[in-house]
Amino acid sequence: LGWACWKTYLGRPDTNAVRCESLAVLGNALFTSGKFTEALLVLEANLALLRRYWPHDENGILVAQTSLAVCLGNAGRLDEALVLRREIYARRMA
C-alpha cells in the first residue's frame, strides 16, 4: 500500500506537500514490514525534503526525525539513533 501511495503522487513536484507525505507513508510501510534498510533511505529522503521546503514546520521535522531514529535503532545502528534522539530531545526542550 505504501508503494501505491508513493506512485500516485510521484509525478508531483518536490514542493508538493502530499508528495512529501506519501514518501513518509512509504517509509513507514517499509519499516512496518521489517525492511529497515530500505525504510532508512526513504525516511532520510523525506526528512531532507522537509528540511529543504518546509524548514519552519518544526513539528513535521521532529516527527520525521523520530521515525528515522526508531528505524535506525531497529536497523542496529544504535549510536546514530542515540545521537538523533538526543537532538530531538534538545529541540523539544528548547
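## Ground rules

The model is predicted, so please keep in mind that local features need pLDDT of at least 70 and side-chain atom pairs count only at pLDDT 80 or more, while totals for chains, interfaces and linings use all residues. Residues are numbered from 1 along each chain as its sequence is written, and side-chain values use heavy atoms, leaving out hydrogens and water.

## Overall fold

Let us start with the whole chain. Its secondary structure comes to five helices and zero strands, giving the pattern α-α-α-α-α along the sequence. Helices (H or I, at least four residues) and strands (E, at least two) are DSSP runs, numbered from the N terminus.

The C-alpha trace spans about 35 × 30 × 15 Å along its principal axes. A compact globule of 94 residues would have a radius of gyration near 12 Å, and the chain agrees with its 13 Å; this radius is taken over C-alpha atoms, and the globule rule is 2.2 Å times the number of residues to the power 0.38. Among contacts (heavy atoms within 4.5 Å) between residues at least 6 apart in sequence, 43% join residues at least 24 apart.

The chain exposes about 5800 Å², with carbon and sulfur atoms supplying 58% of it; these areas come from the Shrake-Rupley method with a 1.4 Å probe, and for residues only the protein chains shown count as cover. Buried residues make up 32% of the 94, where buried means under 20% relative accessible area, exposed over 50%, and partly exposed in between (1.4 Å probe, protein chains only).

## The nonpolar core

The largest nonpolar core has 22 residues, and Leu 68, Leu 72 and Leu 84 have the most contacts inside it. Helix 2 (17-32), helix 3 (36-53), helix 4 (58-74) and helix 5 (78-93) each give two or more residues to this core. Such a core is a set of buried Ala, Val, Leu, Ile, Met, Phe, Trp, Tyr and Cys residues joined through side-chain atoms within 4.5 Å.

## Helix 4

Helix 4 has 17 residues and reaches 24 Å from its first C-alpha to its last, close to the 24 Å expected at 1.5 Å a residue; the expected span is 1.5 Å times one less than the number of residues. Its buried residues include Gly 60, Ile 61, Leu 68 and Leu 72, and what covers the buried residues includes helix 2, helix 3 and helix 5. Just after helix 4, Gly 76 takes a positive phi of about 85 degrees.

Gln 65 also lies in helix 4 and counts as buried, because its relative accessibility is 0%. Leaving aside residues up to four places away in sequence, Gln 65 touches Leu 47, Arg 51, Leu 84, Glu 87, Ile 88 and Arg 91.

## Aromatic pairs

The structure holds two aromatic pairs. The rings of Phe 31 and Phe 36 have centres 5.4 Å apart and planes at 55 degrees, so this pair is tilted. Tyr 53 and Trp 54 form an edge-to-face pair, with 6.0 Å centre to centre and 70 degrees between the planes. Rings of Phe, Tyr and Trp (its six-membered ring) pair if their centres lie within 6.5 Å; planes under 30 degrees apart count as stacked, over 60 as edge-to-face and the rest as tilted.

Tyr 53 lies in helix 3 and is partly exposed at 27% relative accessibility. Tyr 53 touches Asp 14 and Thr 15, not counting residues up to four places away in sequence.
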